[in-house]
Amino acid sequence: MPTSQRLTELPAWRALERHRDATQGRRLCARFAGDPHRAERFSTEVAGFFADWSRHRVDEETMRLLAELAEARGLPARMAAMFAGERINTSEDRAVLHVALRAPAGERMLVDGRNVVPGVHEVLDRMAEFCTRVREGSWTGHTGRPIRTVVNLGIGGSDLGPAMATQALRAYATRAIEFRFVSNVDPTDFAEATRELDPAETLFLVCSKTFTTLETLTNARAARAWCLAALKEEAAVARHFVAVSTNAEAVAEFGIDTANMFGFWDWVGGRYSVSSAVGLSLMLAIGPGRFREFLAGMRAMDEHFRSAPLQHNLPVVLALLGVWYTDFLGAQSHAVLPYEQYLRRFPAYLQQLEMESNGKSVQHDGRPVEVDTGPSVWGEPGTDSQHAFFQLLHQGTHLVPCDFIAFARSCNERGQQHELLLANLLAQAEALAFGKTPDEVAAEGVPPGLVPHRSFPGDRPSTILLGEQLTPFSLGVLIALYEHKVFTQGVLWNIDSFDQWGVELGKQLAPRIASELCAPEDPPLSHDDSTNGLIRRIRRQRRS
């Protein structure tokens, strides 16, 4: 159960504060010099990934105390409660059981006493049958032509997860079908996604659990009008639209055959839903067999998280390091740097996963949090990012812990290009950790006036996550790793990582403002002076 203990009064917290003060001046170069086996002791291998966190400002005492803090916050019990299907999403009174989405057939995972695994596999089997028909060409559009383009209409977790994963696994995807994603209510997003497409060969996936999401339904109505403008007959909607939803009445009213509606459950949060029917676009891209490999990778990390001791549990280790930097060393952001072009959307995916989950300022019981919670998450692929923001990472005034993600082999080998990519990763991690002192710079003959500019302070921490090759399995492992990291940090901060009330107020205000912007006559306005003035200005500009 959520704890009522004050975090900052726990003996483990106070011990960490004392430990920080006692070790704050200890540099990474000294830590390595004094421990020839440091890299071996601060690394592990899990589900095909080698994780090296030796370049962090920690020692064995740091990790021991952080693990004690996790124990004191009841992490093992909270982990067990999640896997048991208890209602750990307290503000919405819901279970949190996305781990059931990748449970093998025959396993029992209960919500309110009912085994949910058979239902999961029933949906997976229906998805597989549908995807096979589309990929083989036996599912055709209204005019009898096969589908050549799939457009996913969703937002938040119904877009970021499938868009990221479909891009990440493009090397395994069919090239007979093109995949596009529309999330923004900005009409430009829809216009560009459908430009030069043939409606007779286009299939839309409308992803909205309630089938009421404003942005998604706005784009779905635009897609329906675009489709019918070309195909004319209302019956065409049933051949060019399917739904990922649980609202059968609204789906049918839209014109979608409910036989082509794929549901999921209220114990699946949007940003944790890519392994559910929300991943329909991914299954269409890579096929049912590869999709099950993807689920197997997630399952492998689930089992590691569930069973490994805390100090050797990779999601827990990453979470504890994050708490160390956020709450003891003052870091306010975290960079994710995939040295794999296919993962270019992965940092954006993690932005929602981490910042929507743990960007909270109240605890489960409504009390204010006592410490800083979720940091800002950002990043871009290497080597492009090296020529964009690495200057700040190396010589800026902000402490930014980094995660480097890479694979030993490329899906597209070209000469020695992949070795060069990996060399850049290792060089950047080494330079961040150890830097270059003014004495070292001066010894190279650099003029005294330039020595400060060419010195690097070092002690910039990073984790390296190295897999063998990007595959559906390894992507599943990676996603589940960060899911469980986020959960662990939420437990330590005593916040609900599975609600998102912070996005609701703006959503409630938007329809009212939209009606005022669209009103035929100037409406009375009762917002603040700034909002009222901007509404009037926009109305004038749109009328002119």
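A salt bridge is taken here as a side-chain nitrogen of Lys or Arg within 4 Å of a carboxyl oxygen of Asp or Glu. The model is predicted, so that local features need pLDDT of at least 70 and side-chain atom pairs count only at pLDDT 80 or more, while totals for chains, interfaces and linings use all residues. Residues are numbered from 1 along each chain as its sequence is written, and side-chain values use heavy atoms, with hydrogens and water left out.

**Exercise 1. Salt bridges**

Task: Determine how far apart the closest N and O atoms of E9 and R6 are, and state how E61 and R64 are placed in helix 4.

Solution: The search of the whole structure returns 39 salt bridges. In the one between E9 and R6, the closest N and O atoms are 3.5 Å apart.

For R64 and E61, the corresponding N and O distance is 2.6 Å. Helices (H or I, at least four residues) and strands (E, at least two) are DSSP runs, numbered from the N terminus. R64 and E61 stand three residues apart in helix 4 (residues 60-72), which means that about one helical turn separates them.

**Exercise 2. A bridge across the sequence**

Task: Identify which parts of the chain the salt bridge between E356 and R271 ties together, and decide whether R271 is buried or exposed.

Solution: The closest N and O atoms of E356 and R271 are 2.9 Å apart. Because E356 lies in helix 15 (residues 346-358) and R271 in the loop between strand 9 (261-262) and helix 12 (280-286), the pair ties together parts that are 85 residues apart in sequence. E356 is partly exposed at 22% relative accessibility, whereas R271 is buried at 4%. Elsewhere, a network of salt bridges links E107, R299, E303 and R306.

**Exercise 3. The nonpolar core**

Task: Name the residues that touch the most other members of the largest nonpolar core, and list what L280 touches.

Solution: A nonpolar core is a set of buried Ala, Val, Leu, Ile, Met, Phe, Trp, Tyr and Cys residues joined through side-chain atoms within 4.5 Å. The largest has 123 residues, of which F130, W267, L280, F346 and L475 touch the most other members. Helix 19 (residues 472-493) supplies the largest share of this core, 12 residues. With contact meaning heavy atoms within 4.5 Å, and leaving aside residues up to four places away in sequence, L280 touches M127, F130, C131, L205, V242, V244 and F262.

**Exercise 4. Aromatic pairs**

Task: Classify the ring pair of Y272 and F498 and that of F346 and Y482.

Solution: Rings of Phe, Tyr and Trp (its six-membered ring) pair if their centres lie within 6.5 Å, and planes under 30 degrees apart count as stacked, over 60 as edge-to-face and the rest as tilted. The whole structure holds 21 aromatic pairs. The ring centres of Y272 and F498 are 5.3 Å apart with the planes at 50°, and the pair is therefore tilted. Y272 and F498 lie 226 residues apart, and Y272 is buried at 1%, as is F498 at 9%.

The pair of F346 and Y482 is edge-to-face, with 5.7 Å from centre to centre and 75° between the planes. This pair links helix 15, which holds F346, to helix 19, which holds Y482, across 136 residues; both F346 and Y482 are buried.

Notes
Buried means under 20% relative accessible area, exposed over 50%, partly exposed in between (1.4 Å probe, protein chains only).
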